[in-house]
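Hi there,

Here is the structure I promised to pass on to you. Have a look at it first, and then read on for what turned up in it.

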Amino acid sequence: MSDSTLAPDIDQALYALSPEGRKLLFTEAKTAYDFSDKPVGDDRLQAIYELFKWAPTSANINPLRILYVRTEEGKQRLLTGVAQPNQEQTASAPVTAVLAADTRYPEYVPFLAPSNPQLQQMLEANQELRESHMDFNAVLQAGYFVLAVRAAGLAAGPMKGFNAAAVDKEFFPDGRWRSILLVNIGYPGAEAYRDRLPRPSYEQAVRLV
């Protein structure tokens, strides 16, 4: 089976992932802007996590946390911090994941990275190092989260168009979690997708030395 979104001279046998899998996760996957009213069950939300949790992070520190907002009351609270152009799509999604970085993630380092017994102390003693690890790895995990949503058979609408300080004040008032990304999750609606925009070519984006 051919994949028209790949360069025509690429041998399909080079890919371990099936053509269907490549379409689901990459070549035909698009950001969703409209969702149906079909509910997303708890089992599906857990399935997303069970895939996402295997994303690589530096020293296995795993600082990303997830708040699933799905009740009407929760959505209304969330929408007060969402930029107006993004409110309609967020309201239409049965679930919105607030992805957040745990500022106290070093607490879990002895369990997550037992082979590096000095790491927790190093991170707690150095704020710049602690926050740089948190920021980089949380964003890395967020990308994998979007792939996990797609792999679980759902549409994903990641967006940065929200007031993080307002969302944190509403949902994380103790300051431990800091929101970094919203991801609308559900089954695609009638107007879910827009035309795909271009990407840089291999020659534009890659150098070999």
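In which helix is the place of A148? A148 belongs to helix α7, residues 127-151; helices here are DSSP runs of H or I with at least four residues, strands are runs of E with at least two, and both are numbered from the N terminus.

Before going further, a note on the model. It is predicted, so local features need pLDDT of at least 70 and side-chain atom pairs count only at pLDDT 80 or more, while totals for chains, interfaces and linings use all residues. Residues are numbered from 1 along each chain as its sequence is written, and side-chain values use heavy atoms, with hydrogens and water left out.

The overall picture

The protein chain holds 9 helices and 4 strands. Read from the N terminus, its elements follow the order α-α-β-α-α-β-α-α-α-β-α-β-α. Along the principal axes, the C-alpha atoms fill a box of roughly 55 × 50 × 35 Å. Of the 209 residues, 40% are buried (buried means under 20% relative accessible area, exposed over 50%, and partly exposed in between, with a 1.4 Å probe and protein chains only). The chain exposes about 12,500 Å², and carbon and sulfur atoms supply 55% of that area; accessible areas come from the Shrake-Rupley method with a 1.4 Å probe, and for residues only the protein chains shown count as cover. Among contacts with a separation of 6 or more, 76% are between residues 24 or more positions apart (contact means heavy atoms within 4.5 Å).

UniProt, in an unreviewed entry, lists residues 31-187 as "domain: Nitroreductase"; its positions are given in the numbering used here, feature names are shortened, and annotations may be inferred rather than shown by experiment. That span is 46% helix and 18% strand, and its end C-alpha atoms lie 12 Å apart.

Helix α7

Back to A148. This residue is buried, with a relative accessible area of 4%. Leaving out residues up to four places away in sequence, A148 touches I48, L51 and F52. N137 also lies in helix α7, and counts as buried at 1% relative accessibility. Apart from neighbours within four places in sequence, N137 is in contact with T57, S58, I61 and P63.

Helix α4

A148 and N86 are 62 residues apart in sequence, and their C-alpha atoms are 22 Å apart in space. N86 takes us to helix α4 (residues 84-92), where N86, Q89 and T90 are buried. These three lie on the same side of α4 because they cover an arc of only 100° around the axis, the arc being that of the directions from the helix axis to the C-beta atoms. An α-helix has 3.6 residues a turn, so residues three or four places apart point the same way. What covers the buried residues of α4 includes α3 (72-79), β2 (95-102), β3 (155-159) and β4 (177-186). On the face turned away from the buried side, you will find the exposed residues Q84 and E88.

Salt bridges

How many salt bridges does a search of the whole structure find? There are 8, a salt bridge being a side-chain nitrogen of Lys or Arg within 4 Å of a carboxyl oxygen of Asp or Glu. Here are some to look at:

- D102 and R65 meet through their side chains at 3.1 Å, N to O. The pair links distant parts of the chain, with D102 in strand β2 and R65 in strand β1 (residues 64-69), 37 residues apart. Both D102 and R65 are buried.
- E73 and R77 form a salt bridge at 3.6 Å, N to O. They are 4 residues apart in helix α3, so about one helical turn separates them. R77 is partly exposed, at 27% relative accessible area.
- E131 pairs with R178, their closest N and O atoms being 3.5 Å apart. Because E131 lies in helix α7 and R178 in strand β4, this pair ties together parts that are 47 residues apart in sequence. E131 is partly exposed at 24% relative accessible area, and R178 is partly exposed at 35%.

There is also a network of salt bridges that links R65, D102, E107 and R176.

Happy exploring, and write back with any questions!
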